[in-house]
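Visitor: I'm new to this one. Can you walk me through it?
Guide: Go ahead and ask as we look.

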Amino acid sequence: MTDIQGQISHKTARRRHHWRRDLVELAALFTAVAVADGLSNVVAHGPDGPFLLVASAVALIATAVFHIWWARRNSHSPPFPDTGGTSDTDATATDDEGDSTPRETALWRMRTTVRDAPGSLAALCTVLAEHHVDILTLQTHPLADGTVDEFLLRTPAELSAADLSRAVAAAGGADTWTERADAHDLVDAPTRVLGLATRTALDAAELPLALRQLLGRCTIHSLPAVSLTGRATGETAPVEGVLEATVMRLRDPSGGAITIERPHLPFTPTEFARARALVELDGRLGPRVPRGEDVLTLPEGNEITVRRAAPSDLEAAKALHERCSDRTLGLRYHGPVADADRYLGHLLSPRYGRTLAVQTASGRLVALGHLLWDGDETEVALLVEDSWQRRGIGSELLRRLVELAVEARCDSVYAVTQSSNTGMVAAMRGLGLPLDYQIEEGTLVVTARLAKSPRVSSTTRRG
């Protein structure tokens, strides 16, 4: 891999002699010949001819020695400035006349299938070099009917995905897939997998996120073995898992199955093995929720504690339900109030998302905030005890949930409520993010589009 990249870099960086430079050197040569001819005539007919010839030879030798010394001293500078970073706009390129000029570049992830034959990869790399494409990383996945090569490329900005695909096809590549990459993709695969494993080990809620970052754009569904009504769903998977082109099924350590779908790009056996290893790690470590809490002071002076909720909070959450009015429970669960307790086991499980709990100084649970993984979308939901509403607790919980969603690299979050739930609508507006509203049969869905670094306001201050 290193040799191939080195050959491509040398081939791309090779400088051509400028035709103007050749013309100037040729003119200088003719001028020197003319001057030498004139001097030789003067010297040959003068009284000091031999002495002048020797002095001219010495001066010529001294000039040649100085030129060699000067050329060696100034030949160590690199032909290209060192980019030294991952920016897509700081690279330099060499044009046909040998001038080094700044050129905008782009990062691409590309996957293509080539014949499992000697020279196939070399032909592909040669074509990429001809288009001034720099190969940053390369992984090969041998299959029964060929080899899948996965590249991270830095290309000229003017090179489109279609042009790149046509060039690869001309070199023998088939089933080519391209997608824009970013700085996160510059981390090598083993380092990235170890980082995802560490996140999964610290927090059980990270497993779906780790799988999504490992496999790219995909849809993940956690299918429980038992429904909310207590009936067996029949959802399961073999211990070794199942891989079927664009779908993989893995056994969920907490029961049921994890289904991952990526219709636009088949999974490779390597991706399947890595995903299965992450799920096995999660199962061996068991349920876990990171510790940590923040003590906040409400405007009226009361102190509350915000922390991550866990399945052990089930009884306290049921007690919270008992203290809430039917209207509050109806706005939260959009169904029969009597069924509210059935959802708590699902909501408090880290497998399906993250839950924040708010408790008073006496330890009583007064509010819950949920960030739920819903396939490739993310839902937020709030429940605040009646006597603790309109104190800024809901806005604080929502702000923190959005921060968690940003950390998880979610593009948006949505809340399902009713148009009469003015408190939830006001909390969503208070985020200061672009909102989309959709009303259908009395149900209001408010979607917030997340920025990379949102600045959402807090209604409380830290104690």
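Visitor: How many bridges join β4 to strand β5?
Guide: Nine, and the two strands run antiparallel. This is a predicted model. Within the pair, Ile135 is found opposite Leu153 of β5.

Visitor: What order do the strands of that open sheet come in?
Guide: The order is β4-β5-β3-β6, four strands with antiparallel pairing.

Visitor: Why is one side of β4 and of β6 left without a neighbour in the sheet?
Guide: β4 (134–143) and β6 (174–180) stand at the edges and each has a single partner strand, so one side of each has no neighbour there. From one strand to the next, the twist averages 15°.

Visitor: Which strands does helix α4 lie across?
Guide: Helix α4, residues 120–130, lies across β3, β4 and β5. Its angle to β5 is about 15°.

Visitor: New topic. How many residues are in the largest nonpolar core?
Guide: There are 38. Val358, Leu371, Ile393, Leu397, Val413, Met428 and Leu450 touch the most other members.

Visitor: Which element gives the largest share?
Guide: That is α12, with eight residues. Other elements giving two or more include β13 (353–360), β14 (365–374) and β16 (412–418).

Visitor: What is Leu397 in contact with, leaving aside its neighbours within four places in sequence?
Guide: Val306, Leu356, Val358, Ala367, Leu368, Gly369 and Leu382.

Visitor: And what does the second, separate core include?
Guide: That core has 17 residues, among them Leu196, Cys218, Leu250 and Ile258. In soluble globular proteins, nonpolar side chains tend to be buried together.

Terms used:
Residues are numbered from 1 along each chain as its sequence is written. This is a predicted model: local features need pLDDT of at least 70, side-chain atom pairs count only at pLDDT 80 or more; totals for chains, interfaces and linings use all residues. Side-chain values use heavy atoms; hydrogens and water are left out. Two strands pair if DSSP finds at least two bridges between them. Axes are lines fitted to C-alpha atoms, for helices over the stretch in contact, and angles run from 0 to 180 degrees between N-to-C directions. Contact means heavy atoms within 4.5 Å. A nonpolar core is a set of buried Ala, Val, Leu, Ile, Met, Phe, Trp, Tyr and Cys residues joined through side-chain atoms within 4.5 Å. Buried means under 20% relative accessible area, exposed over 50%, partly exposed in between (1.4 Å probe, protein chains only).
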